[in-house]
Amino acid sequence: VGTTSVEGTWHDSIYLSDDSTYDDGDLLLVSRDSSAVTPLPPSQEYTRNINISVPIDVPLGDKYLILKTDSKGVVLEYVRLNNETAIPFKTTASDLQVDQVNVPDEAWVGQKINLSWIVKNHGDGPTGTGSWKDYVYLSADQTFGSDYLLGTVTCDSALDPNQAYTQNTLLQLPSSLNGLYYVFVKADGDGKVYETGNENNNANY
């Protein structure tokens, strides 16, 4: 909006901030130079389309994206207070949980049994990836861990928040185990889906 052309090279940068005002503690997400748009004549404007990626260790919640033009301060300007703008932005993540597991009351050792379960995304963000595996285990108690793996079933459908899917499969019981067991299902047993610390509730019986 000045009266002379802007020459040289400057940078436009996008930061992630907890508030709407830039400071040195804000996280730089991306920076692009002006080589494609310089020189910039008076009253002229340009548009940028940039993909950004938020690091996985950023806490979830309400944030701001701060766009700062000439972020390194190389352009001679009388007023710099209008060089940045803040946009509300929320960081989210998915949270897969097994809501229900259906198994027969009893079965013979070595027998094939029909199993079904429901997995729901209880998070406030989509799963992103659309393919992962649910793991099915036999456990001698009601605590998941170090249990016998019965099999895996692939899910090929991404989930938005509050969406769910039902899996149905036929798996064979081992002939070496006898007695009372619990069937656990662990959604996304390979950890393909980004859940920001919510992976500890992926298993249920």
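Start at the second largest pocket of this predicted model. Its volume is about 450 Å³. Select D105, E106, A107, G179 and Y181: of the 19 lining residues, these are the closest to the pocket centre. Now colour the whole lining by residue class.

Next stop: the backbone. Select T38 and P39. A cis peptide bond joins the two residues, with omega at about 0 degrees. To place P39, show strands β2 (27-33) and β3 (61-69); P39 is found in the loop between these strands.

Move on to S146. Display β7 (132-139) and β8 (148-155), and look in the loop between them. Check the phi of S146: the value is near 55 degrees, which is positive, and the residue is not a glycine. Is S146 buried or exposed? S146 has a relative accessible area of 85%. The cut-off for exposed is over 50%, so S146 counts as exposed.

Go to the loop between β10 (182-186) and β11 (203-204). D188 also has a positive phi, about 55 degrees, although it is not a glycine. Where does the surface leave D188, buried or exposed? Its relative accessible area is 3%. Buried means under 20%, so D188 is buried.

Keep both residues selected to end the tour. S146 is exposed, whereas D188 is buried. Each has a positive phi without being a glycine.

Notes
Residues numbered from 1 in each chain as written. Predicted model: local features only at pLDDT ≥ 70, side-chain atom pairs only at ≥ 80, totals over all residues. Heavy atoms only, no water. 1 Å grid on protein atoms, 1.4 Å probe; cavity = no way out; pocket = protein on both sides within 12 Å on 5 of 7 lines; lining within 4 Å. Points joined across faces, edges and corners; volume = space filled by probe spheres on them. Helix = DSSP H or I, 4+ residues; strand = E, 2+ residues; numbered from the N terminus. Buried < 20%, exposed > 50% of the residue type's maximum accessible area, 1.4 Å probe, protein only.
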